[in-house]
Amino acid sequence: MPRPGAAELVMIRHAPAAHGGRLCGRTDVEAEIPADLSAWRAALPQGALITSPARRCVATAAALFPGQQAGADPRLWEQDFGVEDGRPFADLPDLGPLPRDALAARRPERGESFLDMVHRVTPALRELAGAARAQGPVAVVAHAGTVRAALGLALDDWPAALAFEVAPLSLTRLRCVENGMSIVSANWLPA
């Protein structure tokens, strides 16, 4: 994959989380960084770097962009899953039967819905898109939910963004134009 061009927002999901089989939205866990990231580095933009403050995002950014200073934006945190955060995956409710609109609006007790997260993240994404248009590509190392929020912004349909898979260390490229974004690629992983 060629390096991103000017006016692109490159959303990178953090490396696999050391979650121990438990949901970790706001639980701050380490990342399991692969030893060889050369294929990823060849596809990354030369430009600004922003992360979620989560340790797994900061460590991923440091590994992918050695020596580059990253800014952290707390608005880019993953969805707050409330009482479900930290529970074993096997103990979580089966949300598969929910239609996308209901899934996007579902708010775990003491947490936030995907749509709540979208409202928190969207101002940051709009600012970063503006920076990409003005100054060149911006790389964002964050979470699957944050990447889906960016895809929803590009689609102007946040529930539809829940249909996208976002693998650890995947790259999603968005071209930033004056009135929105277009999706260049989603969930890209080196071969």
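Is Arg55 buried, partly exposed or exposed, and what is its relative accessible area? In this predicted model, Arg55 is partly exposed, with a relative accessible area of 38%, where buried denotes under 20% relative accessible area, exposed over 50%, and partly exposed the range in between (1.4 Å probe, protein chains only). Residues are numbered from 1 along each chain as its sequence is written, and side-chain values use heavy atoms, with hydrogens and water left out. Because the model is predicted, local features need pLDDT of at least 70 and side-chain atom pairs count only at pLDDT 80 or more, whereas totals for chains, interfaces and linings use all residues.

The secondary structure of the chain comprises 6 helices and 6 strands, these being DSSP runs numbered from the N terminus (helices, H or I, at least four residues; strands, E, at least two). Along the sequence, the elements follow the pattern β-α-β-α-β-α-α-β-α-α-β-β. The radius of gyration, taken over C-alpha atoms, is 16 Å, close to the 16 Å that the globule rule gives for 191 residues, so the chain is as compact as a globular protein of that length; the rule itself is 2.2 Å times the number of residues to the power 0.38. Taken along the principal axes, the C-alpha atoms fill a box of roughly 40 × 40 × 30 Å, and 48% of the 191 residues count as buried. Of the contacts with a separation of 6 or more, 70% are accounted for by residues 24 or more positions apart, a contact being heavy atoms within 4.5 Å.

With a salt bridge defined as a side-chain nitrogen of Lys or Arg within 4 Å of a carboxyl oxygen of Asp or Glu, the count comes to 12 salt bridges. One of them joins the side chains of Arg26 and Glu112, at 3.5 Å from N to O. This pair links distant parts of the chain, 86 residues apart, with Arg26 in the loop between strand 1 (8–13) and helix 1 (38–41) and Glu112 in the loop between helix 3 (100–105) and helix 4 (114–135). Arg26 counts as partly exposed at 30% relative accessibility, whereas Glu112, at 11%, counts as buried. Arg55 also takes part in a salt bridge, with Asp28, the closest N and O atoms being 3.8 Å apart. Asp28 lies in the loop between strand 1 and helix 1 and Arg55 in helix 2 (residues 55–64), so the pair ties together parts that are 27 residues apart in sequence. Asp28 is likewise partly exposed, with a relative accessible area of 30%. A further salt bridge, with closest N and O atoms 3.4 Å apart, is formed by Glu109 and Arg110, both of which are exposed.

Helix 4 has 22 residues, which at 1.5 Å a residue should span 32 Å, and its end C-alpha atoms are 30 Å apart, which agrees; the expected span is 1.5 Å times one less than the number of residues. The helix bends by about 35° at Val121, and a proline, Pro123, follows within four residues, the bend being the angle between axes fitted to the seven residues ending at a position and the seven starting there. Buried residues in helix 4 include Phe114, Met117, Val118, Val121 and Leu125. At the start of helix 4, a side-chain oxygen of Ser113 reaches to within 3.3 Å of the backbone nitrogen of Leu115, and just after the helix Gly136 takes a positive phi of about 115°.

Methods
Polar contact = N/O pair within 3.5 Å; in protein donor to acceptor, adjacent residues only side chain to side chain.
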